[in-house]
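Q: I have a structure open here and would like to go through it step by step. Could you help me read it?

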Amino acid sequence: MSELMMSARQLSKRFGGLLAVNDVSLDLWRNRIHAVIGPNGAGKSTLTALLSGDLEPTSGEVVLESRNVTGWSPNRLARHGLGRSFQKTNIFPVFTVWENARLAAQSRDPHTWHWFTGATSLKAVNERATRALELAGLLHRRDVQADAISHGEQRQLEIAMALATNPKVLLLDEPLAGMGVTEAEKMVSLLTRLKKDHALLLIEHDMDAVFALADQLTVMVNGKVIASGSAAEIRNHADVRAAYLGE
Ligand code: ADP
Ligand code: MG
């Protein structure tokens, strides 16, 4: 049985006169990928920011494991199992792959750097960072400086950094952006592996990847959900074809 991990409940976000997210509800389940698609400006990144605590909704609720977490800070949400990767890269270029992963692992619980608990938690931090790099397929690159790895590997590193915080839910904003075919295939198999232990929200433009990966899709246009359902349902949805696929 799949477990409901996170929900957006009638979320709206207004920027001045613009309703960037307009009454959006969706559920994220453990072991499932929920993809949100839609043209540029549809409100996908804003929706992600509302779920991650980077933005406060104008109205509506964010629920994480049955708790109302609306208005919680990104750090507090991270400590309660929310991980995310960003559309814009979040890597420290002059640090090694390992150092980046370790910083991310450490950010999960900065209080563990207390003098007394330092020794044991350092071990836990190192283990989290190693496991994250392994899962992301980057352990063999651990000693390379982050700006010397390929673009695809940098996107894998961003996901490793999210994994290093031990999340239950992962919000991924365009993890395949700018990738070539081989890199995209690698990322698709990584995302498939992540399903095993996580609930995933996937914002993605690559429709082949989306239809290969998503258990459920939500289509947004101008801040609003115009359709929601399985890949097959969305593929054949007349409004989606008209509004989004340009038919
Ligand atoms: P998407 O990720 O689907 O391309 P966004 O969520 O980035 O869309 O943007 C949705 C709309 O909200 C766009 O019209 C964008 O210009 C606007 N927007 C996004 N962030 C802000 C902001 N901080 N202030 C004002 N307008 C914003
Ligand atoms: Mg976006």
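Q: Into which domains is the protein chain divided?
A: This is a predicted model. Its protein chain is divided into domain 1, residues 1–81 + 168–247, and domain 2, residues 93–166.

Q: What separates the centres of domain 1 and domain 2?
A: Taken over C-alpha atoms, the two centres are 25 Å apart. The contact between the domains takes 11 residues from domain 1 and 12 residues from domain 2.

Q: Which helices supply the side of domain 1 that touches domain 2?
A: Helices α2 (74–79) and α6 (181–194) each supply at least two residues of that side. The largest share, five residues, comes from α6.

Q: And how do the residues of that side divide by type?
A: On the side of domain 1 that touches domain 2, six residues are nonpolar, one is polar and four are charged.

Q: Let us change topic. Which residues touch the most other members of the largest nonpolar core?
A: They are Ala-101, Ala-160 and Leu-202, in a core of 69 residues. Helix α5 (residues 151–163) gives the largest share of this core, with six residues.

Q: Now the ligand. Which residues are around ligand 1?
A: The residues around ligand 1 are Phe-15, Leu-18, Ala-20, Gly-38, Asn-40, Gly-41, Ala-42, Gly-43, Lys-44, Ser-45 and Thr-46. Strand β2 (18–29) and helix α1 (44–52) are the elements that give two or more residues to this shell.

Q: Which element gives the most to the shell around ligand 1?
A: Helix α1 does, with three residues. By type, the shell has four nonpolar residues, six polar and one charged.

Q: What radius of gyration does the protein chain have?
A: The protein chain has 18 Å, which agrees with a compact globule, because a globule of 247 residues would have a radius of gyration near 18 Å. Along the principal axes, the C-alpha atoms fill a box of roughly 55 × 40 × 40 Å.

Conventions
Residues numbered from 1 in each chain as written. Chains lettered and ligands numbered in written order. Predicted model: local features only at pLDDT ≥ 70, side-chain atom pairs only at ≥ 80, totals over all residues. Core = buried A, V, L, I, M, F, W, Y, C linked by C-beta atoms within 7 Å. Buried ≥ 20, exposed ≤ 12 C-beta atoms within 10 Å, placed from the backbone. Helix = DSSP H or I, 4+ residues; strand = E, 2+ residues; numbered from the N terminus. Near = placed C-beta within 6 Å. Nonpolar A, V, L, I, M, F, W, Y, C, P; charged D, E, K, R; others polar. Rg over C-alpha atoms; globule rule 2.2 N^0.38 Å. Domains from an automatic or database assignment. Contact = placed C-beta atoms within 7 Å.
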